[in-house]
Amino acid sequence: MLDDNSFQSRYEQLAPPLAAWAHLRCRGPLRRVIDPDDLVQEVVLEAWRAQERFDPSKGPFRGWLFGVANRVAAEALRRQARRAPALDLDSEPIAELTTISRRVRRNESLTTLFTRLDELEADDRNLIIYRGLEGLDHRAVADLLGITPEAAAKRWQRLREQIAAWSSIKDLLSDRD
């Protein structure tokens with residue numbers, strides 16, 4: 001289990017990529033159900049509550065956090081179908097995490113980056129979600145996109161070259177090539 005300070009410092013590093021992920025994921029039915037900023041808040045609340053289940057021997061914190069994020073997004077759709085109320089946790093650690101999320105939301109360079117991400121084709125946005133933000137390997141990305149792992153690797157290489165000049169993008173993406 002992580003202590004509150006360790007969780008907060010890890011979350012602070014991943015808050016911008018998580019905001020970009022939520023911005024890209026909240027389309028179609030999910031967008032009608034939840035705003036990207038609200039999705040980020042629900043993800044951090046759920047991750048904080050579930051932090052004792054994080055096991056570094058099973059993989060990095062980034063993968064665990066984005067796994068939580070995917071479950072929260074799916075639950076938002078289910079909750080809307082059932083009309084269940086959202087989680088409401090009121091504690092000092094949660095208040096600090098929400099402050100980080102608010103600071104990220106107000107970051108002008110991220111807002112500009114989100115606009116540029118919106119201009120990408122849907123397949124490229126999905127590639128950024130799966131490979132760049134969630135950090136999935138080429139085989140998993142290929143399965144999700146219905147292409148070969150080699151094609152996923154090549155498309156990822158081309159996309160990285162295309163977006164290399166964008167400010168802030170390198171700080172968001174997973175270290176994996």
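The structure holds six salt bridges, a salt bridge being a side-chain nitrogen of Lys or Arg within 4 Å of a carboxyl oxygen of Asp or Glu. This is a predicted model, in which local features need pLDDT of at least 70 and side-chain atom pairs count only at pLDDT 80 or more, while totals for chains, interfaces and linings use all residues. Residues are numbered from 1 along each chain as its sequence is written, and side-chain values use heavy atoms, leaving out hydrogens and water. Helices are DSSP runs of H or I with at least four residues, numbered from the N terminus.

**Salt bridges**

- Asp118 and Arg27 join their side chains in a salt bridge, at 2.6 Å from N to O. This pair links distant parts of the chain, 91 residues apart: Asp118 is in helix H6 (residues 108-118), and Arg27 is in the loop between helix H1 (4-25) and helix H2 (28-33).
- Asp118 is partly exposed, with a relative accessible area of 33%; here buried means under 20%, exposed over 50% and partly exposed in between (1.4 Å probe, protein chains only).
- Asp123 and Arg155 form a salt bridge at 3.9 Å, N to O. They too connect distant parts of the chain, with Asp123 in helix H7 and Arg155 in helix H9, 32 residues apart.
- Arg78 pairs with Glu75 in a salt bridge whose closest N and O atoms are 3.2 Å apart. Both residues sit in helix H4 (residues 61-82), three residues apart, which is about one turn of the helix.
- Glu46, Arg49 and Arg53 are linked in a network of salt bridges.

**A buried arginine**

- Arg131, in helix H7 (residues 122-133), is buried yet has no salt bridge. The nearest side chain of opposite charge, Asp137, is 5.7 Å away, where Lys and Arg count as positive and Asp and Glu as negative, with His and the chain ends not counted.
- A polar atom of the Arg131 side chain lies 2.5 Å from the backbone oxygen of Leu136.

**A buried isoleucine**

- Ile100 belongs to helix H5 (residues 92-105) and is buried, with a relative accessible area of 3%.
- Setting aside residues up to four places away in sequence, Ile100 touches Gln8, Tyr11, Glu12 and Ala15; contact means heavy atoms within 4.5 Å.
- Ile100 and Pro16 are 84 residues apart in sequence, and their C-alpha atoms are 9.5 Å apart in space.

Terms used: Helix = DSSP H or I, 4+ residues; strand = E, 2+ residues; numbered from the N terminus. Polar contact = N/O pair within 3.5 Å; in protein donor to acceptor, adjacent residues only side chain to side chain.
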